[in-house]
Number of protein chains: 2
Amino acid sequence: MADYNEMWKELGMNLEEHDKLCEVLPQAFGDVFLTQENRPEAMDYYNFVIAEIHGVRPKELIEHKKNGGKVFGTFCIYVPDEIIFAADAIATGLCGGSQFWVPGGEKVLPVNTCPLIKASVGARLDKTCPFFRIADMYIGETTCDGKKKAWEILAEDVPFYVMDLPQMKRRKDVTAWKEEIEDLKKKVEEFTGNRITEESLKKAISLINEKRKALMRLYNCRKQKVLPISGRDALVIMQIAFYDDPERFTQMTNKLCDELEQRIEQGISVVKEGTKRILVTGTPLAVPNWKLHNIIETSGGVVVCEEMCTGTRYFEQLVDETKVTLDEQIEALANRYMQINCACFTPNEARIDDIIRLAKEYKADGIINLNLKFCNLYATETYKVERELRKEGIPVLSIETDYTDSDSEQLRTRIGAFIEMLGE
Amino acid sequence: MADYNEMWKELGMNLEEHDKLCEVLPQAFGDVFLTQENRPEAMDYYNFVIAEIHGVRPKELIEHKKNGGKVFGTFCIYVPDEIIFAADAIATGLCGGSQFWVPGGEKVLPVNTCPLIKASVGARLDKTCPFFRIADMYIGETTCDGKKKAWEILAEDVPFYVMDLPQMKRRKDVTAWKEEIEDLKKKVEEFTGNRITEESLKKAISLINEKRKALMRLYNCRKQKVLPISGRDALVIMQIAFYDDPERFTQMTNKLCDELEQRIEQGISVVKEGTKRILVTGTPLAVPNWKLHNIIETSGGVVVCEEMCTGTRYFEQLVDETKVTLDEQIEALANRYMQINCACFTPNEARIDDIIRLAKEYKADGIINLNLKFCNLYATETYKVERELRKEGIPVLSIETDYTDSDSEQLRTRIGAFIEMLGE
């Protein structure tokens, strides 16, 4: 890895603490990813991005800032990146996926908060992540109790703007979300000093749609009986999608898809015949949370799809590109984003339809329903998810876990037994 | 207690299970309340109500239904009772405050859900509470993750209507709440077959305002140095307010206040000089949750105020009675209800102002900040509450507990030490 110490120092980071993270990450990545056989060659790009995760992209963002640009940090796939890019700003994901940041969050948050929120708050307050230092403004949302209250604490440390996501999906709620997007547009224009025009928004909508299309293409490859890529590799690509330059990411992912489609044609699979195909559903897996996929794929299974924010929810619907006026474009954004089926909505029956549909499309043998500890939304929805999947005759295993490794062996036993059962 | 077995049977209750509750409640009430010395005579009424809690009021509700009336069950002080009474229907609280109902809730909800929600769901599904059987329709709200998702499960068992409470308090949010109240009005009219008129709503607004005024009068008595009523007694009155006939409740509470005001004049206090005055703040205390007050008041303290849903939040603001048209009346309702400062809002700084103001008004020596386990909203807000109270020089003790008795001794030790410290 190149030497970024000077850059990190200038960002006001806690270098001593951060070094601890830098020491363990390459090993963890190596163990989970580089041990895989027969990986697509185009994974080299994503290996590089992870190897330099706190270096190369932060450097680009700093460059952008030096040229007068702004960087916005986001935590949720309901926040429309299009608005940010349309103002010549850059959006970057900020969700923490490592136990490393959790104790920092627990200094100010209840222990009974989900690890994702604790890690995100800890990464900021402990000054151990460059992305959290670089972002000029954070854009949060009211998706869950834990997040909306955590933002109040973070807002004392960094410029913070909160979008109020409706909790239902009636027609008036879509209109309310449209108004929230209009308010965001004003805020972003004011903060960047750049006006968002029909032209710039059109370009940004196309930019993000192209990223979605590349991810759709990747996921389509995972639907095939000949499976050209592992779940771990697909997951890390998805995680990188939240941070990388969208244009480059799209290009590199399409390049990978060329290789994957060729593999499918040639019958080159990354797994042996009979490996059980698993769809995972539930709470997001933020980088570098690879625990679940790693256990599944070293226990006789392979992950073929994630019905998650870090998965299909991120890319499945496109924004209508035929709209011309700003008002229509923003309405198209509202319509698209309100189609995402998160457990923060009530009711959220459409998510269950999604899971059943995806299980068929991806030819899943079984479903693992993941809940990050203390996420009450997805935990409560589990009751109906399990019941409806059983009605459909689809085997399901529900697990609850956090970012620690203390339950890894127990999970391995349960997941191993579940996968074995699928073969019977 | 009179014999209500036939009535309970007709309600389809699980009598065997319910008997277990009926067996322990009188003992619990006796231990906490009847051991007090020098209670106001007018407490006899509330003693009677609790003694017959599953009998006398349910009987009245059933009578109302026999005459063609409807009963609505509610869970939150944001739901405007006025609308329900204006349609010649009756609103009754449905929040569960006993561990007895918790295991029933845990059959369908995550264990990591707050005991209030688990108890409320368990009381319905286990058929062990007459109020949950009698209510023709439940009216829920989207105040927290746990509740909004629990309603989805309850809605499979009973007609359910959910109001979408905004999560912020901007002008447009008050308007949104007004629209939700208008939608509720339509729903209630449709369900009852009765039209809500300017006249009937005016009457209902006055009815509930009179209840609020009686509670204000009660609480004003608690502000006095001569303290004419214990916190336990005030709490149980407050709890009964959610269930009782509003007109009778107002009348009986005003009668009690006559006695209390006389006591103040005569210098009759229920506590010895030097007893430490405690304000409690945080999550609600639903009937029969008397644990905290009982510990405080048998450890050298007395509770003088509850900044809670079962407390000042329930009655502090009146609805403007000068409005004439339905539209204006509903706007007045929205304005009033949106003044309640619950942790479900972001930000919610006004609650901290309330606590500081109330601590002064009630001459509190210290504050106990209560959190029901797994209520992430109030738990997260604790960080700022504690900090701001310390800035004001007001001693605060934060505790987290549930409905079990397993931590009683530990709480007694901590609360005892806190109260002792207040004397130093």
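Because the model is predicted, local features need pLDDT of at least 70 and side-chain atom pairs count only at pLDDT 80 or more, whereas totals for chains, interfaces and linings use all residues. Residues are numbered from 1 along each chain as its sequence is written, chains are lettered from A in the order in which they are written, and side-chain values use heavy atoms, with hydrogens and water left out.

The contact (heavy atoms within 4.5 Å) takes 44 residues from chain B and 44 residues from chain A. The area buried between the two chains, that is, the accessible area (1.4 Å probe) that two parts lose on being put together, summed over both, is about 3600 Å², and carbon and sulfur atoms give 46% of this area. Of the area that chain B buries against chain A, 18% is supplied by B:Asp145, B:Lys149 and B:Gln167, more than by any other three residues.

Across this interface the rule for a salt bridge (a side-chain nitrogen of Lys or Arg within 4 Å of a carboxyl oxygen of Asp or Glu) finds 14 salt bridges. One of them pairs A:Arg170 with B:Asp164, the closest N and O atoms being 3.5 Å apart. Another is formed by B:Glu156 and A:Arg387, with the closest N and O atoms 2.6 Å apart. B:Glu156 lies in the loop between helix 9 and strand 4 of chain B, while A:Arg387 lies in helix 18 (residues 376–391) of chain A, so the pair joins two chains; helices (H or I, at least four residues) and strands (E, at least two) are DSSP runs, numbered from the N terminus. B:Glu156 is partly exposed, with a relative accessible area of 42%, and A:Arg387 is also partly exposed, at 27%, where buried means under 20% relative accessible area, exposed over 50%, and partly exposed in between (1.4 Å probe, protein chains only).

Over all chains, a search of the whole structure finds 88 salt bridges. Within chain A, A:Asp407 forms a salt bridge with A:Lys291, their closest N and O atoms being 2.8 Å apart. This pair links distant parts of the chain, 116 residues apart, with A:Asp407 in the loop between strand 8 (396–401) and helix 19 (408–422) and A:Lys291 in helix 14 (residues 291–297). Both A:Asp407 and A:Lys291 are buried.
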